[in-house]
Protein chains: 2
Amino acid sequence: MAQSAPPSITFETGPDRYKHWKLAFDGPIATLSMDVQEDAGLLPDYRLKLNSYDLGVDIELADAIQRIRFEHPEVHAVIVTSLKERIFCAGANIMMLRGSSHNWKVNFCKFTNETRLAIEDASAHSGLTFLAALNGICAGGGYELALACDEIMLVDDGNSAVSLPEAPLLAVLPGTGGLTRVVDKRHVRRDLADFFSTLVEGVKGKRAVEWRLVDSVHPTSQFKDAVQKRARELAAKSDRPSSGPGITLKPLNPTVTDTTITYSAVSLTIHRDKRTADLTVHAPDGPQPDTPAAILQAGDQFWALRAFRELDDVLLRLRASEPEIGTIVIRTEGDIDAVLAVDRTLVAHQSHWLVREIIQFMKRTLKRVDLTARTFFAFIENGSAFGGSLFELALAADRSYMFHDDDETNVIALSPMNGRLRAEGASASLAGAPGSHARAEAGRLLPMSNGLTRLETRFLGEPDKPAALLAHDGPFNAAEAEEAGLVTFAPDEIDWDDEVRLAVEARAAFSPDAMTGLEANLRFAGPETMETKIFGRLTAWQNWIFQRPNAVGEKGALRVYGQQGRPEFDFKRT
Amino acid sequence: MAQSAPPSITFETGPDRYKHWKLAFDGPIATLSMDVQEDAGLLPDYRLKLNSYDLGVDIELADAIQRIRFEHPEVHAVIVTSLKERIFCAGANIMMLRGSSHNWKVNFCKFTNETRLAIEDASAHSGLTFLAALNGICAGGGYELALACDEIMLVDDGNSAVSLPEAPLLAVLPGTGGLTRVVDKRHVRRDLADFFSTLVEGVKGKRAVEWRLVDSVHPTSQFKDAVQKRARELAAKSDRPSSGPGITLKPLNPTVTDTTITYSAVSLTIHRDKRTADLTVHAPDGPQPDTPAAILQAGDQFWALRAFRELDDVLLRLRASEPEIGTIVIRTEGDIDAVLAVDRTLVAHQSHWLVREIIQFMKRTLKRVDLTARTFFAFIENGSAFGGSLFELALAADRSYMFHDDDETNVIALSPMNGRLRAEGASASLAGAPGSHARAEAGRLLPMSNGLTRLETRFLGEPDKPAALLAHDGPFNAAEAEEAGLVTFAPDEIDWDDEVRLAVEARAAFSPDAMTGLEANLRFAGPETMETKIFGRLTAWQNWIFQRPNAVGEKGALRVYGQQGRPEFDFKRT
């Protein structure tokens, strides 16, 4: 199989550079229209027919959602539709999937999943409502995009249907949460979901409504009006500001060399011979804005937003372009008190729309760490700044090593950002009823995909401990941090160099597949949510199927689709 | 890779035929001692050294647990230990895994998982406590067996350790729930779990206690006494009878031909050319016992126990010996009222120890259906007996087709067995805190692995509907059943033959891998439990890794282990 993937790829874009989407604004309504340019795929090997998509199309979608949140606070509802006649979206491009390596397919699905979850995150936390206006055929990944929206309206033209034809047509699963959302979000009955998911032609009209696959159907002549009317109704429920200004997300402009990526607050150094990288995040320097007005003024240069945007970008680059870099050592440096001061500002003003967006962005970036299939070790050394929101990086790491210095100046610290705003609803949130995104997170500032804070996940066996640790006065030195269970190991000067070197060397020598599976299972202890189901269960099955000869072998369905001949299967079931 | 697997295998055994386990009784304490006979593996290709195991060893373990429940009600606690000096158990046999096909490995893991969950099920529901007495090295699957027990005691001899060396040694994951139980049941901190799971030599002594890996350690000289003392304490908490008699589980003695397996109440006909099978369950005939005394008297011949034991056995045979039979059509026949009468007896006397065991057995068998990676379609035709507990088979099926007869004599019916005994605790149970097995099931008689009844799972979007349907007076004819959403489709005489034939043909033609993944995702909507995590997430990742060249390729770790040379990995991470 071709191992084709763009040699280097950037995840940064902007509306003036979009090739595949049109973003239009009309007061409180934004309309995001898919209009995929056939010959503008990331690679020249395939044509993006019928509004099918590749990673490049999804990068623009992710960017558009982000910009609506930050740049257009006056937008209260988003219509997701298509500019192609009688076609909403045909899903992920099959020729692209066929030509991709296993790694590329898995990472493509991971990013598109994160993008769809970002839509649901905006619904749950940003006062935005997403309305999928299906003006035509909506297949596979197209329907999965619709499923990520709050409501789905389908044109009733005798032809337009929703479908998940992946299993019957390609012998793979819908790769972006479709099966999970059908039963767990839309509560389609499981037997109907089974039937639907084996039906190439999908379901249309009234049956689609009766089966809960869409919310309503409308004759062609009334479709546009109905969509506009519903969008206004949904927009009226928002708690977003009635007018701007927003802030502009400007390009990050990192300096990129063969082995380094350097941003303002984040830097990455790659050691290809060792299959490791060093990732360092710098604490804020100098005075920081401490009012909403000052934060608005600072815009995308406010450290909390800038540093986490850079972190997000470097994670995506690592995933896409450095598959062999399996072990990442995370460090921080600078003034830990400056981090804690920024945290205090964020918590104090968290009800302001922009501060809310910044906190939510930090949350999503930290989830991106959890979901990155690379090992993370945090090294906490003298001069580090692992406080509050930056300490989440140590909590997200698979292990943390803290240098136990004799004079006890090396410290970590917690802040309210490591906790939750209100204690009520704790047990309700543990219920983690899949689909109830906002409920599951219940006031937690930087929750993981499982709905719990990283402290809560870490101390599942001691449920009172997170609150006790958050009440601790001041920082923790290495002995205190180890005793409190906040770090994994705290070697002293005699042991430090050997211990951390050997830990990294040993990790980098293990089978990367085994480490991926190990981490995917150990990182998300505790309750499950729709999000962990999608990444933990659905994705794992898809990864398995993506390798099976019945899908990708010489006669596999994904290989022979659209060509002469039919797939040939080994019919053994496991 | 070798595709070696025994051509035909039976899951029936008994203490007098055990080769690998010794079962001893001392009042309220049973001691189950592993003493694996090296040269008595299911296949001659490997030797079961160091108390390592293959499927045959685990079949005996499953049998022993079952017999303790039914045959020895006077047993209140079970010590699980080994008769080998300084070795508890070395885990699954690596040479066996190396020589096995993908299907065999996956099914081996599935059965061993079910066996460990059966231990936890007995703890949660049968008043039994399991005490793992680790008298020596306890590695991999050995530690996973210990993790399934309620408590773990480890000898402190300077050498004996617990370990999960699968990832570092073999480039696969612990295959029997180890990672999930470490963080979700024993609440080992995730960073310590990460370190532990990469440590070939494991963890011993005080550190094993501090990290929650075991409950206590004891010097060799005091170990046996401490185990006995603790077992007595645990036994004292049981609600099981203080004396017998139990009932004897006698051999099932099916008649087996090349294409049929026929029991007293269950029959299977295999159509190899179509890759399908017909599975029929017969309702009880004639008068049935309706008091605990009469049920004790009937023993294993009581229909509810007999029919479900036969069903359980046929499912296991299908899994192990008929990998290409991908689609199973389930039918029932006989007197539906007789089924409902048995259900009433079971519910009325469910607090009697034997009735409780029978209901729990029915529950586990139905879970075995849910967890079998074959498509199930229920065909509800004239003369069928889909009532109450047998209607669970239709609810467990991926789809159900009910013949819509003109004279409306074809009916289905619900019984209290489809519901729950008490309504309280509903929201608590939805919490599904992994590990809290008994709490998750909260009075449900035949819950699925997700802790909900099949009716609740079916109607996730209409939470009041299960109670309303259970309150329905009398049976449902086809029109009523379809309207109520209790069956998928109800074709009439004109459509029936073609519709069901085409449904089966289409299903049998799809990629079996895609169907396995589809079903694994659609069957378990709703909350997640430790059980669904183990089967849905951990198993899926393991299946993926079991196929990767880094494990099973020419230079994969599972292939080269114990031979000259070291594994060679493709270090690309996904």
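In chain A, 4 strands, in the order E5-E8-E10-E11, make up an open sheet of mixed pairing. Strands here are DSSP runs of E of at least two residues, helices are runs of H or I of at least four, and both are numbered from the N terminus; two strands pair if DSSP finds at least two bridges between them. The edges are strand E5 (87–89) and strand E11 (203–204) of chain A, each of which pairs on one side only.

A word on conventions. This is a predicted model, in which local features need pLDDT of at least 70, side-chain atom pairs count only at pLDDT 80 or more, and totals for chains, interfaces and linings use all residues. Residues are numbered from 1 along each chain as its sequence is written, chains are lettered from A and ligands numbered from 1 in the order written, and side-chain values use heavy atoms, leaving out hydrogens and water.

Returning to the sheet, E5(A) pairs with strand E8 (residues 137–139) of chain A in the parallel sense, over 2 bridges. Within E8(A), A:Ile137 stands opposite A:Ile87.

I turn now to the interface. How many residues of chain B are in contact with chain A? There are 94, and they meet 94 residues of chain A, contact meaning heavy atoms within 4.5 Å. Between chain B and chain A, 16 salt bridges are counted, each a side-chain nitrogen of Lys or Arg within 4 Å of a carboxyl oxygen of Asp or Glu. One of these salt bridges joins B:Asp191 to A:Arg458, with the closest N and O atoms 2.6 Å apart.
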